[in-house]
Amino acid sequence: MLTYAPRPRLTEELVVVEGITRAGKFLAAVVVSALEGVEPVQYSPNLESLLVLHRLGKVDLPTAKLLLEMEFDIRAFDMAMGRYLNTRPDDMSSVFRSADHENVLARAQSTDRDALLARFHAEKRLPLHLYHEGMPHARALFGVFPKARVVSSLRDPAALMNSWYNRGWGKLATAETPTVMWPFFDGPKGRRTWWSLDWEVGWDEVNDMDRCALSIATLYALGRKELEALAPAQRERVHLMRF
């Protein structure tokens, strides 16, 4: 049986800010990025999709681990070099919202890659990543990144449901539009999100508000169950930040 050989890591420690969509993750990430030694926030769609696919038995954990280790090392290296920075001032993920943005932007002007990487290691910089609906996959996340530190943004479920509805997520999630980035799966009653696979009703059988309410209730329940299932050492690496 072919197995993956261990590979040296550029960085094993990182910070993950997670929470349900509209729960204030970006606000929490801006706060965390202001802490000494923390890099500007990045977003990896593969972190979300690979752990969802692992949860559903589509991707084994060693494969997800290898792919995510390589991707996050590449992202850490690119950030250390000052590459692919989000310079849109109005975006919550903009590099300009980082308290250290002047130093980060200056990296792109340097031609000495070795010096930039040496500085990254000498300052023990911590990569910072955003993760939507991450708590239901916490054990898999720690299986991939045992030294991760997780900040979980919590918001009142009623306010969160109202925010989803006002933002239009109940409606947008049923539309055929490429800007809805959730993966959908075919089921007996039509397509579904990963968290609605066990619902007794079909995704398209309920109205917009009920779809939002069911989603929030399900995601909170899954997250609480996973949090309680963490080993004590892992649980100590999770900080709950109330919105």
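This briefing walks through the cores, ring pairs, helix packing and a few individual residues of the structure above.

The model is predicted, so to speak of a local feature requires pLDDT of at least 70 and side-chain atom pairs count only at pLDDT 80 or more, while totals for chains, interfaces and linings use all residues. Residues are numbered from 1 along each chain as its sequence is written, and side-chain values use heavy atoms, with hydrogens and water left out. Helices (H or I, at least four residues) and strands (E, at least two) are DSSP runs numbered from the N terminus.

**Nonpolar cores**

- A nonpolar core here is a set of buried Ala, Val, Leu, Ile, Met, Phe, Trp, Tyr and Cys residues joined through side-chain atoms within 4.5 Å.
- Buried means under 20% relative accessible area, exposed means over 50%, and partly exposed covers what lies in between (1.4 Å probe, protein chains only).
- The largest nonpolar core has 22 residues, and those touching the most other members are Leu-47, Leu-51, Leu-68, Leu-141, Phe-145 and Val-238.
- At least two residues of this core come from each of strand E1 (14–19), helix H2 (45–55), helix H3 (61–81), helix H6 (138–144) and strand E4 (148–154).
- H6 gives the largest share of this core, with 5 residues.
- Setting aside residues up to four places away in sequence, Val-238 touches Met-135, Phe-142, Val-150, Leu-227 and Leu-230; contact means heavy atoms within 4.5 Å.
- There is also a second, separate core of 16 residues, which includes Trp-169, Trp-182, Trp-194 and Trp-199.

**Aromatic rings**

- Rings of Phe, Tyr and Trp (its six-membered ring) pair if their centres lie within 6.5 Å, and planes under 30 degrees apart count as stacked, over 60 as edge-to-face and the rest as tilted.
- Searching the whole structure turns up 6 aromatic pairs.
- Phe-72 and Phe-145 make a tilted pair, at 4.9 Å centre to centre and with 35° between the planes.
- Because Phe-72 lies in helix H3 and Phe-145 in the loop between H6 and E4, this pair ties together parts that are 73 residues apart in sequence.
- Both partners are buried: Phe-72 has 4% relative accessibility, and Phe-145 has 1%.
- Phe-184 and Trp-203 have ring centres 6.2 Å apart and planes at 80°, so this pair is edge-to-face.
- That pair links distant parts of the chain, 19 residues apart, with Phe-184 in strand E5 (residues 184–187) and Trp-203 in the loop between strand E6 (190–193) and helix H9 (208–229).
- Phe-184 is partly exposed at 22% relative accessibility, whereas Trp-203 is buried at 1%.
- Ring pairs join Trp-164, Phe-184, Trp-194, Trp-195, Trp-199 and Trp-203 into a cluster.
- Arg-155 lies over the face of Phe-243, 4.7 Å from the ring centre; a charge sits over a ring if NZ of Lys or CZ of Arg is within 6 Å of the ring centre and within 35 degrees of the ring normal.

**Helix packing**

- H2 and H3 pack with their axes 10 Å apart, at an angle of about 175°.
- Axes are lines fitted to C-alpha atoms, for helices over the stretch in contact, and angles run from 0 to 180 degrees between N-to-C directions.
- H2 is therefore roughly antiparallel to H3; the term applies to angles over 145 degrees, with under 35 roughly parallel, 65 to 115 roughly perpendicular and the rest oblique.
- On the H2 side, the contact is made by Pro-45, Asn-46, Leu-47, Leu-50, Leu-51 and His-54.
- H3 contributes Leu-61, Ala-64, Leu-67, Leu-68, Glu-71, Phe-72 and Arg-75 to the contact.

**Loop residues worth a look**

- Arg-22, in the loop between E1 and helix H1 (25–33), has a positive phi of about 80° although it is not a glycine.
- Arg-22 is partly exposed at 36% relative accessibility.
- Tyr-84, in the loop between H3 and helix H4 (101–107), also has a positive phi, near 55°, and is exposed at 73% relative accessibility.
- Ser-98 is found in the loop between H3 and H4, and is buried with a relative accessible area of 5%.
- Ile-20, in the loop between E1 and H1, is buried at 9% relative accessibility.
- The C-alpha atoms of Ile-20 and Leu-222 are separated by 11 Å, although these residues are 202 residues apart along the chain.
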